[in-house]
Amino acid sequence: MIWDWDWTREILPELLTQGLLVTVQATLGGAVLAFVLGLFVALLRRSRNPFVSRPVGAVMEFIRSTPLLVQLFVVYYVLPDFGVKMTALMTGIIGLGLHYASYTSEVYRAGIDGVPKGQWEAAIALNLPRHWIWISVVLPQAVRRSLPALGNYLIAIFKESPQLSIITVVDVVGLARELGSERFRYLEPMTVAGLFFLLVAIPASIFVRRLERRLGN
Amino acid sequence: MTISPCSAELPGTFGEAMPFLCKGAVITLQATLGGSVLAIAIALPVGLMAMSHRGAVRAVARVYMEFFRGTSVLVQLFWLYYAMPILTGFQLDKSFAGILALGLNLGAYGSEVVRGAVRSVSRGQREAAIALNFSPYHRMRYVILPQAFIGMIPPMNNLLIELLKATSLLSVITVADLTYQGRLLVNSGSDQLIVFALLLLIYFLFSYLITLIMRFVEGRAARMVGRDGPQGRPRRAWRSPRPRRPVPSVEIPSVEIPSAETPSVEGAR
């Protein structure tokens, strides 16, 4: 038998508790950061002041066009030189969050552009202050429109989180690599890790598709 | 006198790093090219299969797409390179395993693009081709695909940039690509700030190059079916095109309303 069931049973609990916990932390941390930062970036990019909107747009374009892995290296190896000390997991969350903020800001932008013009005109006709138009009229509608796309990016962040294992975070894949290197046998741990990603990602994407249909866009 | 950007005569860290980074950049470009050829070769048939009338054919396409979109590239890469040899006794060359993993992964995303683009060709085109007694093959080849092709290019552009970015993962299975060379330089004591900045810059330039090429292709494809090419600046350029702010330019004079009659925010929602 090529497949070693005994060993699979031995490593499964460890992968699904310790590894899963770190993967979930990285995913949720990265997603929260990306969703919040993305919203601010989307607002800054709409700024009337070109000295604000242009540089923010350029930086985001740069982040989106370069690999997450290299960005992780920058945060992990270069920032400590400037006196910023963090755990590897924290570094990874910041890297993921920054990288995906450049994607989510586009999602919010599309959501904001999709708010009908009449809503703006009505809010102005009601003499609402500018910040109030944003907070209580435009953003609630824009964010609602953006939800399915944000859900897709949550899944994307979940699938990209194994890259953190390269900067020594011990998530599901990091743990699988560690276990594999002990016996120099990667078949079982890697297959289990891959199946685990499938088992989460496929139902999640079905859920997002359903959400998309329910919100009607 | 001009000095090549890959020359070792450049001052300081640049001279130290650039010869190695150029070597890595060539590998990165090769992997991107190989991966994209494979991805497109997979995406076209699988995308069309996903729209087949036969349930079995559709199921095969869907299983492939869901499988490769459901796991991360890194896991697929590890699996192909480290796990599959144990199962099948067949060890792939590392660059080949890398290109295979990238091509299979991006091919799954590409299939979705192909499917969407073919579906977005208006129904009248298909009906007209049927009315003209085109065979299903000719219908697809001469009527539907040339039009669908234009719609595929902008999302394909994004996918190719994703592919370029994903090639950095090949460094993990010790393919000597750009990222690998960069890490090697940092480990051997080069100034890491400069090396990583150069890495990011080179990747950015390559992304921009992909966008320029795809824009050119899009213009050609559009003209071939008699439409105008893309307008304005590149889609992934510095600033994405943005419609004017939907606020009327006329300032509405603010009127003092007694607080009791202020329209509630709830009404505006």
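**Salt bridges around one glutamate**

Reply: Glu66(B) forms a salt bridge with Arg62(B), with the closest N and O atoms 3.4 Å apart. This is a predicted model, where local features need pLDDT of at least 70, side-chain atom pairs count only at pLDDT 80 or more, and totals for chains, interfaces and linings use all residues. Residues are numbered from 1 along each chain as its sequence is written, chains are lettered from A and ligands numbered from 1 in the order in which they are written, and side-chain values use heavy atoms, without hydrogens and water.

Me: Why is the contact of Glu66(B) with Arg62(B) called a salt bridge?

Reply: The term requires a side-chain nitrogen of Lys or Arg within 4 Å of a carboxyl oxygen of Asp or Glu. The closest N and O atoms of Glu66(B) and Arg62(B) are 3.4 Å apart, so the pair qualifies.

Me: What makes Glu66(B) buried or exposed?

Reply: Buried means under 20% relative accessible area, exposed over 50%, partly exposed in between (1.4 Å probe, protein chains only). Glu66(B) has 16%, so it counts as buried. Arg62(B), at 25%, counts as partly exposed.

Me: How do you know which parts Glu112(B) and Arg62(B) tie together?

Reply: Their side chains meet in a salt bridge (3.5 Å, N to O). Glu112(B) lies in helix α4 (residues 94-119) of chain B and Arg62(B) in helix α2 of chain B, so the pair ties together parts 50 residues apart in sequence. Helices here are DSSP runs (H or I, at least four residues), numbered from the N terminus.

Methods:
Helices (H or I, at least four residues) and strands (E, at least two) are DSSP runs, numbered from the N terminus.
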